[in-house]
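Hi,

Here is the structure I promised to pass on. Have a look first, and my notes follow below.

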Amino acid sequence: MDGIKRFVRHRVTIRVCQIAIGAIFLVAALPKIGDVSAFAKQVHNYRMLPIALENLFAMTLPWIELVAGLALVLGIRARAGATLSAGLMVVFLVAIAQAVARGLDIDCGCFGTSDASQVGIKRLAEDVLFLALATVGSLRTGS
Amino acid sequence: MMHPGPGPGGEGNLARGVVALVVLGTVLGLAYNYAGLRSQPAYGVAWIGEPRVLEPWTPDPATAAHPTAGTPAALPEIPDSEEPRQIQTAGVKRLFDAGGALIVDAREPALYEAGHIAGAVSLPYEEGTPDRVEALDPGGRPIVTYCDGGSCELSMNLAWDLILEGGHRKVLVFMGGFPEWQKAGYPVETGSATLASATGGSGERASRRIDSNDPMGFFDPPQAASALPPIPEMDRPMSMELAAVKQFYDAGAAVLIDARETDEFVEGHIPGAVNLPFEEIQSDPGRLLTLEPGDRPIIAYCGGGSCEVSITVADALIEAGYRRVLVYVGGFPEWQAAGYPVARGEIVTGGT
């Protein structure tokens with residue numbers, strides 16, 4: 001148990017997790033920035049936001065992902081980036097979970113337009129994994 | 001490694017970092033999409049990238065003689081009469097398909113709201129308001145009244161009112177009424193329809209109708225039919241203006257498609273329009289093939305402004321093989337603002 005704790009808190013582990021989740025966020029952000037209107041449509045499909053906010057969300061979210069991803073990969077404010085991505089992963093988890101619960105058969109939109117995968121249990125599991133990565137990445141070293 | 005480590009600021013520093021990243025991302029995102037903040041389209045997001053502008057459709061005088069548009073000539077000629085005449089289900093359907101009649105529901109409003117022939121106007125006989133009878137403007141078309149079939153007499157009573165008080169001369173009674181229509185699986189609508197500004201301008205015509213003993217003086221169907229400009233076959237959708245849409249609507253010479261989502265459609269739509277949300281087409285392309293426009297053009301509309309789903313649906317219709325597809329760019333808001341009829345409630349199409 002103590003060994004796991006030490007491994008998870010090791011600065012190399014944390015750094016690796018940060019770079020991994022950062023890369024994932026960069027890959028996820030770029031196609032959304034490239035095709036905002038398609039992403040806005042996907043946001044709309046989730047039926048979570050007031051319609052007036054959907055476009056605003058679709059315009060800014062990919063850029064927040066991009067900034068977080070850059071921070072993580074470059075190691076500048078990396079802990080903040082990891083905390084932010086953990087928060088975003090929670091939001092995505094909730095979004096997908098509610099879509100699954102409501103039986104919406106929609107594109108995930110997780111990695112932009114070309115990602116035609118539907119929301120579902122597999123997506124949820126993937127998101128939990130990403131959330132774990134982000135959480136480890138947001139830990140302090142040592143202690 | 002450039003790992004900043006847990007600085008002396010601790011959690012406060014971390015929170016500030018998170019906020020800084022969010023703010024930076026938001027600012028970048030807004031700057032990148034600067035143009036879009038003013039509008040709030042639902043999801044068409046026309047303001048990102050160039051909005052698509054369709055070539056406007058204009059009546060082409062050269063093809064005016066070409067009998068392509070709705071061909072009311074095929075409809076049975078309804079002679080003038082000072083008595084109501086009976087009409088059977090098949091005849092009503094023919095008139096309905098061609099938009100060749102004004103269909104009037106004589107039942108009480110509650111029954112009308114629970115379900116009526118799509119596009120029918122509610123004129124409860126019990127409420128018997130003479131001004132409403134006079135205000136009714138079929139635009140030269142026959143009026144078909146109906147009630148609950150069987151032994152119901154509301155439609156016949158209303159028909160007499162229309163003749164004696166309203167001065168109408170082509171009044172038909174659909175004896176089978178709503179039950180028979182529904183049984184045949186023909187289009188049915190629920191909810192209430194509001195005939196907005198039904199009196200605007202029609203008062204003059206109504207009085208003319210009463211004065212005139214000469215049927216030719218007020219009833220001239222061939223002229224009304226040929227006034228409709230023909231729609232040529234096209235391999236891409238074109239845009240249509242409000243006035244032209246209204247003209248086709250009045251003549252029932254077009255199939256109207258509401259491309260918005262069902263909840264918006266239920267809140268209000270152009271009477272008789274078919275709800276065909278884009279998402280539904282995506283998941284079930286077969287829906288497109290259930291339309292039977294015949295020679296009539298298909299006019300798609302959505303929420304106006306910068307909404308683009310009507311264009312997307314129009315493209316899908318072209319792809320599905322329809323050749324007379326138009327987009328009413330002004331959409332429902334413009335239609336409603338013009339005071340034209342609006343229907344509420346869900347369309348239930350059986351049979352097809």
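Predicted model: local features only at pLDDT ≥ 70, side-chain atom pairs only at ≥ 80, totals over all residues.

In chain A, helix 2 passes helix 5 in a left-handed crossing, meaning that the near helix is turned anticlockwise from the far one by less than a right angle (clockwise would be right-handed). Helices here are DSSP runs of H or I with at least four residues, strands are runs of E with at least two, and both are numbered from the N terminus. Helix 2 of chain A covers residues 11-34 and helix 5 of chain A residues 78-101; the two pack at an angle of about 60°, and their axes are 10 Å apart. The axes are lines fitted to C-alpha atoms, for helices over the stretch in contact, with angles running from 0 to 180 degrees between N-to-C directions. That angle makes helix 2 of chain A oblique to helix 5 of chain A; under 35 degrees would count as roughly parallel, over 145 as roughly antiparallel and 65 to 115 as roughly perpendicular, with the rest oblique.

Helix 2 of chain A brings A:Gln18, A:Ile21, A:Gly22 and A:Phe25 to this contact, and helix 5 of chain A brings A:Ala78, A:Gly81, A:Ala82 and A:Ser85. Two residues are in contact if their C-beta atoms, placed from the backbone, lie within 7 Å.

Residues are numbered from 1 along each chain as its sequence is written, and chains are lettered from A and ligands numbered from 1 in the order in which they are written.

Chain A as a whole has six helices and zero strands. Among contacts in chain A between residues at least 6 apart in sequence, 69% join residues at least 24 apart.

A:Arg77 sits in the loop between helix 4 (51-74) and helix 5 of chain A. Most residues other than glycine have a negative phi. A:Arg77, which is not a glycine, has a positive phi of about 55°. A:Arg77 is buried, with 24 other C-beta atoms within 10 Å. The other is A:Gln118, in the loop between helix 5 and helix 6 (121-137) of chain A. A:Gln118 is partly exposed, with 13 other C-beta atoms within 10 Å. Beyond its neighbours within four places in sequence, A:Gln118 is in contact with A:Asp105, A:Ile106, A:Asp107 and A:Cys108.

Now to chain B, with 14 helices and 15 strands. Buried residues are 40% of its 352. Five of the strands form an open parallel sheet in the order 9-13-12-10-11, where strands pair if DSSP finds at least two bridges between them. Strand 9 (238-240) and strand 11 (274-275) of chain B are the edge strands, each pairing on one side only.

Strand 13 (residues 325-328) of chain B pairs in the parallel sense with strand 12 (residues 298-301) of chain B over four bridges; here B:Ile298 stands opposite B:Val325 and B:Ile299 opposite B:Leu326. Three bridges join strand 13 of chain B to strand 9 of chain B, also parallel, and B:Met240 stands opposite B:Tyr328. From strand 13 of chain B, B:Val325 and B:Val327 point one way and B:Leu326 and B:Tyr328 the other, and all are buried.

Helix 13 of chain B is mostly covered, with eight of its eleven residues buried. Its cover includes strand 10, helix 12 (278-283), strand 12, strand 13 and helix 14 (331-337) of chain B. Just after helix 13 of chain B, B:Gly321 takes a positive phi of about 110°.

Enjoy exploring it!

Methods: Buried ≥ 20, exposed ≤ 12 C-beta atoms within 10 Å, placed from the backbone.
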